[in-house]
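Here are my notes on this one, point by point. Have the structure open while you read.

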Amino acid sequence: MIAFRIDRRSGVATYLQLVQQVRQALRLGVLEPGDRLPTAREVVEAIAVNPNTVLRAYRELEREGLVEPRPGRGTFVRRSLSRAAAATDSPLRAEAAAWVARARAAGLEREDVAALAASVLDDSFPPPELPPPFIPAPRSPQTLEEDT
């Protein structure tokens, strides 16, 4: 079962932190299809948030097709986002953990490591191209007369 944690200083809305943590757990294989998420009451008791915040996060995950509510039973994972290469026991994770250990040994703080990793990710995964903006076709004088 997932254990949520909230960083109240992050500037990220609490419900989005919950959504991000579920997505991450799905990517890492911590949560799998059929697993039950904690009830809103369990989350409220564990991390002291408003129940509506939890319900909002669960609705967002449902909208994305990742979970489904089952009345009287809870909210369950519908699909996984995991890939074998990202599993907690994968060689890539072991390499990443070793890299983080070297970064810490070099004196880098958590924020330094996060900034460095984000920079490398940005270089390796450029943002997708945006479609061109919609520009309506000019209207002919005849069309303008018909509108009046």
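1. Helices (H or I, at least four residues) and strands (E, at least two) are DSSP runs here, numbered from the N terminus. By that count, residues 12-80 are 52% helix and 12% strand, and the end C-alpha atoms of this span lie 24 Å apart. UniProt, in an unreviewed entry, annotates residues 12-80 as "domain: HTH gntR-type"; its positions are given in the numbering used here, the feature names are shortened, and annotations may be inferred rather than shown by experiment.

2. Some housekeeping: this is a predicted model, with local features needing pLDDT of at least 70 and side-chain atom pairs counting only at pLDDT 80 or more, while totals for chains, interfaces and linings use all residues. Residues are numbered from 1 along each chain as its sequence is written, and side-chain values use heavy atoms, with hydrogens and water left out.

3. The chain splits into domain 1 (14-82) and domain 2 (86-124), with bounds from an automatic or database domain assignment. Their centres, taken over C-alpha atoms, are 26 Å apart.

4. Look at α2 (residues 40-47) against α3 (residues 51-63): the angle is about 125° and the axes are 9 Å apart. Axes are lines fitted to C-alpha atoms, for helices over the stretch in contact, and angles run from 0 to 180 degrees between N-to-C directions. The pair is therefore oblique (under 35 degrees is roughly parallel, over 145 roughly antiparallel, 65 to 115 roughly perpendicular, the rest oblique). A40, V43 and V44 of α2 meet P51, V54, L55 and Y58 of α3, contact meaning heavy atoms within 4.5 Å.

5. Now α1 (residues 14-28) on α3: about 45°, axes 8 Å apart, which makes α1 oblique to α3 as well. The α1 side of the contact is T14, Y15, L18, V19, V22 and R23, and the α3 side is T53, V54, R56, A57, E60 and L61.
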